[in-house]
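Me: I'm new to reading protein models. Could you take me through one, feature by feature?
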Amino acid sequence: MASEQIYTITELARDFDVTPRAIRFYEDQGLLKPSRAGRTRIYSKSDRTRLKLTLRGKRLGLSLAEIKELLEMHGGVRNPAAQLVRFLVVLADRREALEQQREDIEAVLGEIAMLEKQCSELLGHDAGGAAAARAEIVRRMRSGA
């Protein structure tokens, strides 16, 4: 192991812009398996790759269980086709969930637009109410509320 590149938790945290606590959490979840020298964790190039893949999986919205399954398939795989097929299934599931979220968001945005139109039309019959509503909207936009 002397010739192998090693990393400290601080180096990995800095390199990936995560906290050491997050790295320890991933270790507790079985996603990382550093060796130890006393109480010091020693991360290998393999651990660094596993952290990179874990963070990529998180960005994709995968659960830690899904990430762990994929990482375990990756380590020592003799048949990468099985791993790739499983990854495609996970990606398809994630795509389906995101497409559903997009449809839900579009539906909510449509409902908001309809309600805004209805409110504006109702306020159009009350000039004082319309001015007060516009002032409240401007106030909330400026305050970020």
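Me: How many salt bridges does a search of the whole structure find?
Reply: Start with the general idea: side chains of opposite charge can pair when their charged atoms come close. Here the cut-off is a side-chain nitrogen of Lys or Arg within 4 Å of a carboxyl oxygen of Asp or Glu. By that rule, the search finds eight salt bridges. One of them joins the side chains of Arg41 and Glu27, at 2.6 Å from N to O. That pair ties together distant parts of the chain, with Arg41 in strand S3 and Glu27 in helix H2 (residues 20-28), 14 residues apart.
Reply: Before we go on, a word on the source: this is a predicted model, where local features need pLDDT of at least 70 and side-chain atom pairs count only at pLDDT 80 or more, while totals for chains, interfaces and linings use all residues. Residues are numbered from 1 along each chain as its sequence is written, and side-chain values use heavy atoms, with hydrogens and water left out.

Me: How many helices and strands does the protein have?
Reply: Helices (H or I, at least four residues) and strands (E, at least two) are DSSP runs, numbered from the N terminus. This protein has six helices and three strands. Along the sequence, the pattern reads β-α-α-β-β-α-α-α-α.

Me: In what order do the strands form the sheet?
Reply: In general, the side chains of a regular strand alternate between the two faces of the sheet. Two strands count as paired if DSSP finds at least two bridges between them. Here the order is S1-S3-S2, in an open sheet with antiparallel pairing. S1 (6-7) and S2 (35-37) are at the edges with a single partner strand each, so one side of each has no neighbour in the sheet.

Me: Which residues are bridge partners in S3?
Reply: Two bridges join S1 to S3 (residues 40-44), and Tyr7 has Tyr43 as its bridge partner. Three bridges join S2 to S3, and there Arg36 is partnered with Arg41. The hairpin of S2 and S3 has two residues between the strands, and Gly38 takes a positive phi near 70 degrees.

Me: What radius of gyration does the protein have?
Reply: This value is taken over C-alpha atoms, and the globule rule is 2.2 Å times the number of residues to the power 0.38. A compact globule of 145 residues would come out near 15 Å, but this protein has 25 Å. Its C-alpha atoms fill a box of roughly 80 × 35 × 20 Å along the principal axes.
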